[in-house]
Amino acid sequence: MTRTVRVDLGARSYDIAIGAGLLAAAGDAMKAVLSRPRVVIVTDRNVADAHLGTVEASCVRSGIETAAIVLPPGEATKSFAELEHLCGALIDRRVGRDDMILALGGGVIGDLAGFAASILRRGVDFIQAPTTLLAQVDSSVGGKTAVNVPQGKNLIGAFHQPRLVLADVAALDTLPRREVLAGYAEVVKYGLLGDRGFFDWLEVNGPALIEGDRAARIEAVARSCQAKARIVAADERESGERALLNLGHTFGHALEAEGGYDGTILHGEAVAIGMVQAFELSARLGLCNGQDVERVRRHFTAVGLPVRPADRGLDGVPAERLLHHMAQDKKVRDGRLTFVLVRGIGEAFVTRDVEAPAVSAYLSGEA
Ligand code: NAD
Ligand code: ZN
């Protein structure tokens, strides 16, 4: 059973195919969007060990020539140095305007290979084959690509939409459980920001999904992609509604920065805590009822996600420090923080009306 979600962007529209075993049939799936039978695969060492052979064999069967570039795994790979190295390697493999780059991996590979594709020869087509749950429900969809610089994450990048996304839930079988859970936090985000019925469904089916249930994974990835595709189609360059996707991210980014991006706290874990905090702050401001906050906390706890900074040893960080991290965020304009708050589960909204002292009082635990 393969599901297809269309991202509607006029001439740059593309399909997201979601199913089990798509990498083993990648050659045929990609053919329709290739101008010639050649694909240059960009991946990382972990993903190459688990899945590169499957993709290459499928391409051979479909008469597609392949070359592979294997990069080191980890967030550090999203750097200018690796970008330069990757662009050089693509040029050495004579990648031209009519070639196709295949980003096979998690968000790190998708963001880096996508950005390389956007600038190489002023733009080469690429396909996303996301292999983490986070990449399948979030980073592979929507066309944001980037690298990090010492001043901050994702500060250098481009919008470059893929030609096709192949989300194979079978690829998740080799993903470490902690990474599955981190990606699951972003799945829950779609329910919390705009689809209460999806959150109800996740309360029932989330545990099976996390344990590896294929049908539940396909359903959850498809519903998440539908939600993201709809928001991206309405607001490709994040001038309005797309900011809803940042639910939990203003708080979450502050925790990630405090954690130092060294594995202390994964992005999805920070977002889980950040979403609980967005609910708590909303309740404190009288916008949302306490039962909804409790439901969110209970669900994350039930599946094994953290719900407070202390769950990752990040308690006791002064509120000013967290606010300082938040102020570094791209989402600050005229010195005012943009927050995504909620009126309840499934009812998020974007606001710039929250005063820093109110956030500070909440973060310091003042009554
Ligand atoms: P990742 O790409 O680092 O992958 C996590 C780990 O899992 C890595 O060690 C990787 O080698 C390994 N891995 C990947 N697939 C595997 C598989 N199938 N089996 C075994 N191991 C596997 O991290 P991620 O969480 O996928 O992505 C995080 C990145 O995504 C961040 O850089 C973030 O900024 C970016 N991101 C981008 C967007 C966007 O819109 N472009 C959105 C959200 C996040
Ligand atoms: Zn995120």
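**Close-up 1. The shell around ligand 1 holds nine nonpolar, 12 polar and eight charged residues.** Here Ala, Val, Leu, Ile, Met, Phe, Trp, Tyr, Cys and Pro count as nonpolar, Asp, Glu, Lys and Arg as charged, and the others, Gly among them, as polar. This is a predicted model, in which local features need pLDDT of at least 70, side-chain atom pairs count only at pLDDT 80 or more, and totals for chains, interfaces and linings use all residues. Residues are numbered from 1 along each chain as its sequence is written, while chains are lettered from A and ligands numbered from 1 in the order in which they are written.

**Close-up 2. Asn46, Gly106, Gly107, Thr132 and Ser139 come nearest to ligand 1 among the 29 residues around it.** A residue counts as near if its C-beta atom, placed from the backbone, lies within 6 Å of the molecule. Two or more shell residues come from each of helix H2 (45-61), helix H4 (107-119), helix H5 (133-139) and strand E8 (152-159). Helices (H or I, at least four residues) and strands (E, at least two) are DSSP runs, numbered from the N terminus.

**Close-up 3. Asp111 sits in helix H4.** Asp111 is buried because 26 other C-beta atoms lie within 10 Å; the cut-offs are 20 or more for buried, 12 or fewer for exposed, and partly exposed in between, with C-beta atoms placed from the backbone. Beyond its neighbours within four places in sequence, Asp111 contacts Lys78, Ser139, Thr145 and Ala146, a contact being two C-beta atoms, placed from the backbone, within 7 Å.

**Close-up 4. Thr132 lies in the loop between strand E6 (125-130) and H5.** Thr132 is also buried, because it has 26 C-beta neighbours inside 10 Å. Setting aside neighbours within four places in sequence, the contacts of Thr132 are Gly106, Gly107, Leu175, Glu179 and Gly183.
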